[in-house]
Amino acid sequence: MIKHPIEPDAEPAVRLADIRLTYETKQGALLEAVHPTSLTIRAGEFTALVGPSGCGKTSLLRMIAGLTPPSGGAVSIFGQTPKEAQRHKRLGLVFQEPALLAWRSVEDNVRLGLQLNPRETHSSTNVGELIEIVGLSGFERYRPAELSGGMQQRAALARALAIDPPLLLLDEPFAALDEITREQMRYELQRLWSVSHDPRDPPRSAVFVTHSVAEAVAIADRVLVMSPRPGRIIADIPIVTPRPRRPEHEHSDRFINDTAIVRAALRSPTTPAVPLDAA
Amino acid sequence: MISEPIHDLEHLEPTAGRIPLTAPDVRPLLGWIVPPLIALLIAAVAIEVWVRLADVSVWVMPRPTGVIENFFTDFGRYFHEGLKTLGVSLGGLAIGTAAATLLAAGVAHSQVLERAVLPIAIMVKVTPVVALIPLFIIWMGHGWNPKIAIAALITYFPVLINAIAGFRDVDPRMHDYFRSVDASTWEIFRHLRLPAAVPYLFASLKISVTLSLIGAVVAEFFLSGQGGLGAVIWIEQNNLRLEQVFAAVLMLTLIGVTLSTAVVVAERLFSWRLDQPVTAS
């Protein structure tokens, strides 16, 4: 079917213009969840968003995904509104919980994004190959309940990649996994990020929400640090380590130095003096 | 591989809501069927001994052997009348379940509809609907219709309440995922809400299948002219023929067991088939 090609250099992956989010509490008070934020994420950029719990990271991601309407400002995904980006299946969502359909096999879960909104189906996607790439070969007919948490999250990643989205939106995808699996999954994600890609699209971008500094520094090109509520971006730290990155890199001076910079930003005066969970 | 695959599926603990893909082994079932049958047999023997020793009048308590004998000698009658009761019960169940599921689908999507419908639903739920039988006879005459209407009405509300809960019991993350690929309301219903509601629908069906039988029998008490096991019980108790009353009740028990078993079997067969992919590619 019709794929809508994107001009490679014409538009950034994400452009946020003064978006903000305010809630009305039950008592009628206005609560500012996300302070007006402007941000540009280039095509091909892997951006991590770190910050303390409740700082509005997830809210920011949901506004980019078009799942929460901002109280003000504008969101643009490759020059389109989030709603248009949804319609053209430009967004690959992965949540903290795998959120798979319990009554479907792994294979049918991965296929789900292709099946829905069929006007935009990417016929080129080979589901079997994708399942192999995420390392679930032989488990095609298994139900989610029969898989470990890490394998479920691999299935959720495969489902997100099946529609070949130019933008991956990941909301703490490994937070619910055990530490060993979590540390390995970040390198899996680095590998999967670029697979099954339509050459007509710009290089794939990602926005990766995490509360783990090590995770952010290990996989991102750029770490954005958010302040506690009302959340706003207080630091924008480039991570220039070349790819592909390997687990051993986490012992290097450069890695330790980068994490120290991010931790310092998290501890900056605007944040309260509480120990941050830096995993 | 990072996460070790689970090779030994045989020894996995069954997870809540998981339906086996293969036919279940029937041998363990015998362990559930044989003990109650033995208990039932002991109770029947005890009643038999009591009735014989105390010389209880046949107008108070018939001998179990007499009931069984009558049941088999007059089997054609009980079977025939049982089919009528079964027809009323199934007709009511089909109409009640279909109407309730449709309304629930609407309520699950509309808060206005929910606010309009739910208070009435609860009001009718706490009302014993069999009290409406005389009215239904006035409106629908003495045929099958008032009986089916009562059976439908009595099954309607458990299905409605459960189906609404089922259509709403969707993982909010999953709902977000559907929205993120611009799935239509119909697609969300077909691939998310409906399969999520299947366990709820079967749970309510287990309740309503016996309720529909109650509705059918009570309606037949009032409309004994058209037969059915309710009519048999009504007529025979007027004649003080308690063996026939018990034999009719025995047939009702068999129908109830058959219907309930059918729901359980249907649940196993149907629930995993519902959401097969629409296209193969």
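**Close-up 1. Helices H8 and H9 of chain B make a right-handed crossing.** A crossing is called left-handed if the near helix is turned anticlockwise from the far one by less than a right angle, and right-handed if clockwise. Here the partners are helix H8 (residues 185-222) of chain B and helix H9 (residues 229-238) of chain B, whose axes come within 7 Å and cross at roughly 45°. (Helices, H or I with at least four residues, and strands, E with at least two, are DSSP runs numbered from the N terminus; axes are lines fitted to C-alpha atoms, for helices over the stretch in contact, and angles run from 0 to 180 degrees between N-to-C directions.) So H8(B) and H9(B) count as oblique to each other; under 35 degrees would be roughly parallel, over 145 roughly antiparallel, 65 to 115 roughly perpendicular, and the rest is oblique. On the H8(B) side, look for B:Ala216, B:Val217, B:Val218, B:Ala219, B:Glu220 and B:Phe221, which meet B:Leu229, B:Gly230, B:Ala231 and B:Trp234 of H9(B). Being in contact means that the C-beta atoms of two residues, placed from the backbone, lie within 7 Å. Sorted by class, the residues of this contact are eight nonpolar, one polar and one charged. (Ala, Val, Leu, Ile, Met, Phe, Trp, Tyr, Cys and Pro count as nonpolar, Asp, Glu, Lys and Arg as charged, and the others, Gly among them, as polar.)

Before you go on, a word about the model: it is predicted, so local features need pLDDT of at least 70 and side-chain atom pairs count only at pLDDT 80 or more, while totals for chains, interfaces and linings use all residues. Residues are numbered from 1 along each chain as its sequence is written, and chains are lettered from A and ligands numbered from 1 in the order in which they are written.

**Close-up 2. H9 of chain B also packs with helix H3 (residues 75-109) of chain B.** The two axes lie 7 Å apart, at an angle of about 125°. From H3(B) come B:Glu81, B:Gly82 and B:Thr85, and they meet B:Leu229, B:Gly230 and B:Val232 in H9(B). By class, that gives two nonpolar, three polar and one charged residues.

**Close-up 3. Three strands of chain A form an open sheet in the order S2-S1-S4.** The pairing is antiparallel, and two strands pair if DSSP finds at least two bridges between them. Strand S2 (30-41) and strand S4 (72-77) of chain A are the edges, each pairing on one side only. From one strand to the next, the twist averages 25°. Strand S1 (residues 14-24) of chain A pairs with S2(A) over eight bridges. S1(A) and S2(A) form a hairpin with five residues between them, and A:Gly28 in the turn has a positive phi of about 90°.

**Close-up 4. Six strands of chain A form an open sheet with mixed pairing.** Follow them in the order S5-S6-S7-S3-S8-S9. The edge strands are strand S5 (91-94) and strand S9 (233-238) of chain A. The twist averages 15° from one strand to the next. Helix H5 (residues 149-162) of chain A packs on this sheet, where it touches S5 and strand S6 (167-171) of chain A, and its direction makes about 170° with that of S5(A). Towards S9(A), strand S8 (residues 222-226) of chain A pairs with S9(A) in the antiparallel sense over five bridges. In that pair, A:Val223 stands opposite A:Ile237.

**Close-up 5. Chain A divides into domain 1 (14-90 + 166-266) and domain 2 (104-164).** These bounds come from an automatic or database domain assignment. The centres of the two domains of chain A, taken over C-alpha atoms, are 23 Å apart. At the contact, 15 residues of domain 1 of chain A meet 15 residues of domain 2 of chain A. Helix H6 (residues 179-192) of chain A gives the largest share of the domain 1 side, three residues. That side divides into eight nonpolar, four polar and three charged residues.
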